[in-house]
Amino acid sequence: MKSILGQRYYPPVGFYFRVDLADAASMALSLLSSVDNSFQEVSGLSVEMETESVTEGGENRFTHSLPTRTKYQNLVLKRGLVTSASGFTAWCMKTMGSNLSTAIEPKNISISLLNEKGIPSMVWLFINAYPVKVQVSDLQAMENKIAVETMEFTYQYYQPAPTGL
């Protein structure tokens, strides 16, 4: 490993993280129920630049590839099925159950990658997210698995947030 400022740098582990709804009411509920922050998998931390191909008259060797906009994947959160009070579940059910008869309430979601002391070493903030899919795993009497709920969110963009370290 290369040294940064005379200290060895080790990349962080990807299995110690926390997920939070970033509004005050949801954070208060999350503090009461730590299960609301515990997810087994987070995916969708991805952004790509879309491009447009433009041909130039008289230039037959190649086409120009010009950037147009950024595209974000949906944020997917998976955890064991939560049967107690959950800010995430309540928000998802309120949004999905309204059938667009009420306005969708977007919220910010933060994903914190934690160090060995439980302090965030990296935080990503997903801006104006709302649920687009909620799924519970199949229930099968012949298998010995926990029930898993999957929540999928769309959002405007994500950005790194300051950690204070």
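Biologist: What space lies in the second largest pocket?

Modeller: About 180 Å³ lies in the second largest pocket. The model is predicted: local features need pLDDT of at least 70, side-chain atom pairs count only at pLDDT 80 or more, and totals for chains, interfaces and linings use all residues. Residues are numbered from 1 along each chain as its sequence is written, and side-chain values use heavy atoms, with hydrogens and water left out.

Biologist: What makes a space a pocket, and what a cavity?

Modeller: Both are found on a 1 Å grid over the protein atoms alone. In a cavity a 1.4 Å probe fits but cannot get out; a pocket is an open set with protein on both sides within 12 Å along at least five of seven lines. A volume is the space filled by probe spheres set on the grid points, which are joined across faces, edges and corners.

Biologist: Which residues line the second largest pocket?

Modeller: Ser137, Asp138, Leu139, Gln140, Glu143, Lys145, Ile146, Ala147 and Val148. Lining residues have an atom within 4 Å of a point. This lining divides into 4 nonpolar, 2 polar and 3 charged residues. Asp, Glu, Lys and Arg count as charged; Ala, Val, Leu, Ile, Met, Phe, Trp, Tyr, Cys and Pro as nonpolar; the others, Gly among them, as polar.

Biologist: How many cavities of 30 Å³ or more does a search of the whole structure find?

Modeller: The search finds 1. The largest cavity has a volume of about 50 Å³. Its lining includes Trp91, Lys94 and Thr95, and divides into 3 nonpolar, 3 polar and 2 charged residues.

Biologist: What makes the link between the side chains of Ser86 and Arg79 a polar contact?

Modeller: The distance is 2.9 Å. A polar contact is a pair of N or O atoms within 3.5 Å; within protein, one must be able to donate a hydrogen and the other to accept it, and residues adjacent in sequence count only if both atoms are side-chain atoms. The Ser86 side chain also reaches the backbone nitrogen of Thr89 at 3.1 Å. Ser86 lies in the loop between strand 7 and helix 2 (87-97), and caps the N-terminal end of helix 2, with a side-chain oxygen 3.4 Å from the backbone nitrogen of Phe88.

Biologist: How do you know on which side of helix 2 the buried residues lie?

Modeller: Those residues are Gly87, Phe88, Trp91, Cys92 and Thr95. They cover an arc of only 125° around the axis, so they are on the same side of helix 2. The arc is that of the directions from the helix axis to the C-beta atoms. Exposed Lys94 and Gly97 are on the face turned away from the buried side.

Biologist: How do you know that strand 7 and strand 10 pair?

Modeller: Pairing needs at least two bridges found by DSSP. Strand 7 and strand 10 (residues 148-154) have 6, in the antiparallel sense.

How values were computed:
Helix = DSSP H or I, 4+ residues; strand = E, 2+ residues; numbered from the N terminus. Buried < 20%, exposed > 50% of the residue type's maximum accessible area, 1.4 Å probe, protein only.
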